[in-house]
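Reader: Could you walk me through how to read a few features of a model like this one? I would like the general idea and then the case at hand.

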Amino acid sequence: MYDYAIRFEEDSAPGLAILCRDLPKLNSYGEDRKSAISEALDAIETTLSIYVDQRRVIPVASAPEAGEHVVRLPSGNRGENRAMERHEAARYAQGRLVPVA
């Protein structure tokens, strides 16, 4: 569900910029590939939280393209759970989610 494809970009500065087609607000950086992947996890969590706070629709992850790396948020990820709880609370408050008894 939250398996987003990221890509790395290099420029004249050392390190790797992290970008995600599905989450255009995501902006992060890593010193090398390993740290960039770790930073991407945090960036995805933060970006999803921002989307929830702004009551935006959370984009569905699209299939990865050539050269992209899929970041899988761990099941039970605190940020993922927090984001989904806030998303559901917002939907409930707007009358779009009815609790099941």
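Reader: Is Asp3 buried, partly exposed or exposed?

Author: Buried means under 20% relative accessible area, exposed over 50%, and partly exposed in between, with a 1.4 Å probe and protein chains only. With a relative accessible area of 28%, Asp3 is partly exposed. This is a predicted model, where local features need pLDDT of at least 70, side-chain atom pairs count only at pLDDT 80 or more, and totals for chains, interfaces and linings use all residues. Residues are numbered from 1 along each chain as its sequence is written, and side-chain values use heavy atoms, leaving out hydrogens and water.

Reader: Which residue forms a salt bridge with Asp3?

Author: Side chains of opposite charge can pair when their charged atoms come close. The rule here asks for a side-chain nitrogen of Lys or Arg within 4 Å of a carboxyl oxygen of Asp or Glu. Asp3 pairs with Arg72, and their closest N and O atoms are 2.9 Å apart. This pair links distant parts of the chain, with Asp3 in strand 1 (residues 3-9) and Arg72 in strand 4, 69 residues apart. Strands are DSSP runs of E, at least two residues, and helices are runs of H or I, at least four, numbered from the N terminus. Arg72 is exposed, at a relative accessible area of 56%.

Reader: How many salt bridges does the count come to?

Author: The count comes to four. One of them joins Arg7 to Glu9, with the closest N and O atoms 3.0 Å apart. Arg7 is partly exposed at 30%, and Glu9 is partly exposed at 37%.

Reader: Which residue does Glu68 pair with?

Author: Glu68 forms a salt bridge with Arg21, the closest N and O atoms being 2.8 Å apart. Glu68 sits in the loop between helix 1 and strand 4, and Arg21 in the loop between strand 2 (16-19) and strand 3 (28-30), so the pair ties together parts 47 residues apart in sequence. Salt bridges that share partners join Arg21, Glu65 and Glu68 into one network. Glu68 is buried, at 16%, while Arg21 is partly exposed, at 32%.

Reader: What about the backbone: which residue has a positive phi although it is not a glycine?

Author: Most residues other than glycine have a negative phi. Here Arg55 has a positive phi of about 55 degrees. Arg55 lies in the loop between helix 1 (33-53) and strand 4 (69-72), and at 55% relative accessibility it counts as exposed.

Reader: And in what order do the elements run?

Author: From the N terminus on, the order is β-β-β-α-β-α, which comes to two helices and four strands.
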